Amino acid sequence: MPPITNWRRESRSPTLAYRNTETGARAVLHRAPDSYRYKWRGVILVDGYPVWSRGYETKDATSFRDELRERPAPDLNCPECPNDDVRVGEKAADGAKVQR
């Protein structure tokens, strides 16, 4: 089986984890809580936030790797939020400090 483009495996057990070599995003196939419909959950995380998620009945590593092949580089930029509008250390209208 050919390697996954731009993804490098970090761990195999108990979770299956990959890291994107270009963006630093993580992809994890982990055991879901009992309240979830599917027993396993595959997630792509960018800066700790999920950008893609899918449930699996079993720890199906082959299907998860196929999904990563379809999504080699997650988009890290928000097209609606230009970087010029970000302010660090100023106060918001409600008094809380804004830091992004």
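The side chains of E10 and R26 form a salt bridge, with an N-to-O distance of 3.6 Å. A salt bridge here is a side-chain nitrogen of Lys or Arg within 4 Å of a carboxyl oxygen of Asp or Glu. The E10–R26 pair joins distant parts of the chain: E10 belongs to strand β1 and R26 to strand β3, 16 residues apart. Helices (H or I, at least four residues) and strands (E, at least two) are DSSP runs, numbered from the N terminus. The model is a predicted one, in which local features need pLDDT of at least 70 and side-chain atom pairs count only at pLDDT 80 or more, while totals for chains, interfaces and linings use all residues. Residues are numbered from 1 along each chain as its sequence is written, and side-chain values use heavy atoms, with hydrogens and water left out.

E10 also forms a salt bridge with R19, where the closest N and O atoms are 2.9 Å apart. Accessibility was classed by relative accessible area: buried means under 20%, exposed over 50%, and partly exposed in between (1.4 Å probe, protein chains only). E10 is partly exposed, at 36%. R19 is partly exposed as well, with a relative accessible area of 27%. R26 counts as partly exposed at 29%.

The salt bridge count comes to four. Another of these bridges is formed by the side chains of E67 and R54, at 2.6 Å from N to O. This pair also links distant parts of the chain, with E67 in helix α1 and R54 in strand β5, 13 residues apart. E67 is buried, with a relative accessible area of 11%. R54 is partly exposed, at 36% relative accessibility.

The strands form an open sheet. Five strands take the order β1-β2-β3-β4-β5, with antiparallel pairing. Two strands pair if DSSP finds at least two bridges between them. β1 and β5 stand at the edges with a single partner strand each, so one side of each lacks a neighbour in the sheet. From one strand to the next, the twist averages 20 degrees. Axes are lines fitted to C-alpha atoms, for helices over the stretch in contact, and angles run from 0 to 180 degrees between N-to-C directions. Strands β2 and β3 (residues 26-31) run antiparallel and are joined by four bridges. Within this pairing, Y18 stands opposite A27 in β3. Helix α1 lies across β1, β2, β3, β4 and β5, and runs at about 145 degrees to β5. Contact means heavy atoms within 4.5 Å.

Aromatic pairs were then examined. Rings of Phe, Tyr and Trp (its six-membered ring) pair if their centres lie within 6.5 Å; planes under 30 degrees apart count as stacked, over 60 as edge-to-face and the rest as tilted. The count comes to two aromatic pairs. In one, the ring centres of Y18 and F64 are 6.3 Å apart and the planes stand at 45 degrees, so the pair is tilted. Y18 lies in strand β2 (residues 16-20) and F64 in helix α1 (residues 61-70), so the pair ties together parts 46 residues apart in sequence. Y18 is buried, with a relative accessible area of 4%. F64 is also buried, at 0% relative accessibility. In the other pair, the rings of Y56 and F64 have centres 6.4 Å apart and planes at 90 degrees, so this pair is edge-to-face. Y56 is buried, as is F64. The ring pairs link Y18, Y56 and F64 into a cluster.

Two loops carry backbone features. The peptide bond from S13 to P14 is cis, with omega near 0 degrees. P14 lies in the loop between β1 (7-11) and β2. D47 has a positive phi of about 55 degrees, although D47 is not a glycine. D47 is placed in the loop between β4 (40-46) and β5 (49-56). D47 is exposed, with a relative accessible area of 72%.
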